[in-house]
Amino acid sequence: MIELVVVLARLVQYAGAATLFGAPLFYLYALPAAGPGAARAMPDTRRLIVVAALLTAMGCGLALLAQTAMMSGALASALDPRALVMVATDTQFGASVLARAAASLIALVLVAALPPSTKLWRIAAALGALALASFAWSGHGADGEGAAGLFKLLADIVHLLAAGIWLGALAALVVLVLGARQAEAAAIRALHQALEGFSGVGSLVVAALVLTGLVNGWFLVGPDHALTAISTAWGAVLVAKLAVFALMLSLAALNRFVLTPRLERSLAGLDPTSALLALRRSLLVESAAGLSVLVLVSWLGTLAPPAAL
Ligand code: HEM
């Protein structure tokens with residue numbers, strides 16, 4: 001039971017922190033090219049970031065409670081203030097959760113209080129990056145020594161940030177495509193240009209994920225376990241994750257090379273509705289796949305990797 005709460009807390013934090021970093025970043029590099037239509041089609045740029053910050057902070061609270069129960073072996077001690085303070089202040093896990101909670105609570109207050117602006121999105125993205133990178137200290141990323149340990153930690157941080165750019169952009173695109181449904185051509189044109197703005201970034205993100213994923217894999221599997229890794233629980237969950245990643249990759253390619261050009265052509269035509277619906281469906285499926293990757297990763301981080309067996 002506690003293990004399930006640990007996985008759930010990781011999932012809520014990953015989803016919140018990825019959006020808190022990737023969505024304001026998307027507002028900075030994709031929306032401006034999309035012009036004023038995007039602002040109208042996406043009236044609630046702030047609401048998405050407020051929800052992401054809130055989710056991250058709540059996930060941190062749940063993670064601390066679950067970890068305290070796990071370490072003391074009793075659910076009841078999750079509410080024991082001394083045990084909670086001990087886990088929060090005397091463990092590396094606690095330090096990373098506190099950093100994440102602080103970054104997300106500051107973002108929550110600033111974004112809720114201030115009007116949307118380029119400067120606000122820069123601050124929110126920076127706080128989101130901090131929240132996301134902090135995971136490297138609470139999972140398998142930080143248990144290395146010396147130069148190799150530092151390389152592994154940096155690879156894990158790049159992996160987390162690349163994941164945040166993709167999933168955060170997806171969250172913003174879903175809000176944009178749902179908002180564009182009822183709106184006029186300007187909003188649909190804005191959606192098309194925002195998609196174009198993301199496509200260049202998308203290829204870099206995929207390359208970074210594959211490269212740093214291989215580095216993570218190398219350290220957590222190791223040459224001695226390469227042939228047996230797949231027969232471990234960790235190996236099986238990683239394979240499932242890579243299968244979902246392949247699905248996301250094919251949907252991203254479909255969006256970029258088929259559905260986005262079709263939306264552009266339909267703008268010249270009379271009725272962009274069918275092109276918009278096809279794109280909306282594909283983005284929703286890709287987002288659901290992205291969430292499934294986070295479910296698998298939340299579980300993966302609680303399993304012993306082959307190199308530790
Ligand atoms: C949509 C694509 C992907 C997303 C969203 C994603 C996300 C993540 C996240 C959030 C973590 C946890 C990092 C941490 O907490 O320290 C992670 C770990 C990892 N990822 Fe990925 N990843 C993706 C693609 C890949 C690919 C393509 C590979 C392999 C080539 C890969 C291999 C790994 C490995 C080995 C780990 C470490 C697992 C552990 O800590 O036990 N990932 N990934």
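How many nonpolar, polar and charged residues does the shell around the ligand have? Keep that in mind as you open the model, which is a predicted one.

Stop 1: The space it takes is the largest pocket. Colour α9 next. This helix gives the most to the shell, with seven residues.

**Stop 2: the shell.** Now show the 25 residues around the ligand. By class, 18 are nonpolar, five are polar and two are charged. Tyr14, His140, Asp156, His159 and Lys241 come nearest to the ligand.

**Stop 3: the iron atom.** Zoom in on the iron atom of the ligand. Which protein donors does the iron atom have? Select His159 and find NE2, then select Lys241 and find NZ. These donors lie 1.7 to 2.0 Å from the iron.

Step back to the helices. His159 lies in α8 and Lys241 in α10, so this pair ties together parts that are 82 residues apart in sequence.

Stop 4: Select Asp156. An N or O atom of its side chain is 2.5 Å from an oxygen atom of the ligand. Move to Trp234. Here a side-chain N or O atom is 2.8 Å from a ligand oxygen. Finish at Lys241, where a side-chain N or O atom is 2.5 Å from a nitrogen atom of the ligand. Lys241 is also a donor of the iron, through NZ.

How values were computed: Residues are numbered from 1 along each chain as its sequence is written. This is a predicted model: local features need pLDDT of at least 70, side-chain atom pairs count only at pLDDT 80 or more; totals for chains, interfaces and linings use all residues. Side-chain values use heavy atoms; hydrogens and water are left out. A residue is near a molecule or strand if one of its heavy atoms lies within 4 Å of it. A polar contact is a pair of N or O atoms within 3.5 Å; within protein, one must be able to donate a hydrogen and the other to accept it, and residues adjacent in sequence count only if both atoms are side-chain atoms. On a 1 Å grid over the protein atoms alone, a cavity is a set of points where a 1.4 Å probe fits but cannot get out, and a pocket is an open set with protein on both sides within 12 Å along at least five of seven lines; lining residues have an atom within 4 Å of a point. A molecule sits in a cavity or pocket if more than half of its atoms lie within 2 Å of its grid points. Helices (H or I, at least four residues) and strands (E, at least two) are DSSP runs, numbered from the N terminus. Ala, Val, Leu, Ile, Met, Phe, Trp, Tyr, Cys and Pro count as nonpolar, Asp, Glu, Lys and Arg as charged, and the others, Gly among them, as polar. Donors are N, O and S atoms within 2.8 Å of the metal (3.2 Å for Na, K and Ca); water is not among the atoms, so sites may look incomplete.
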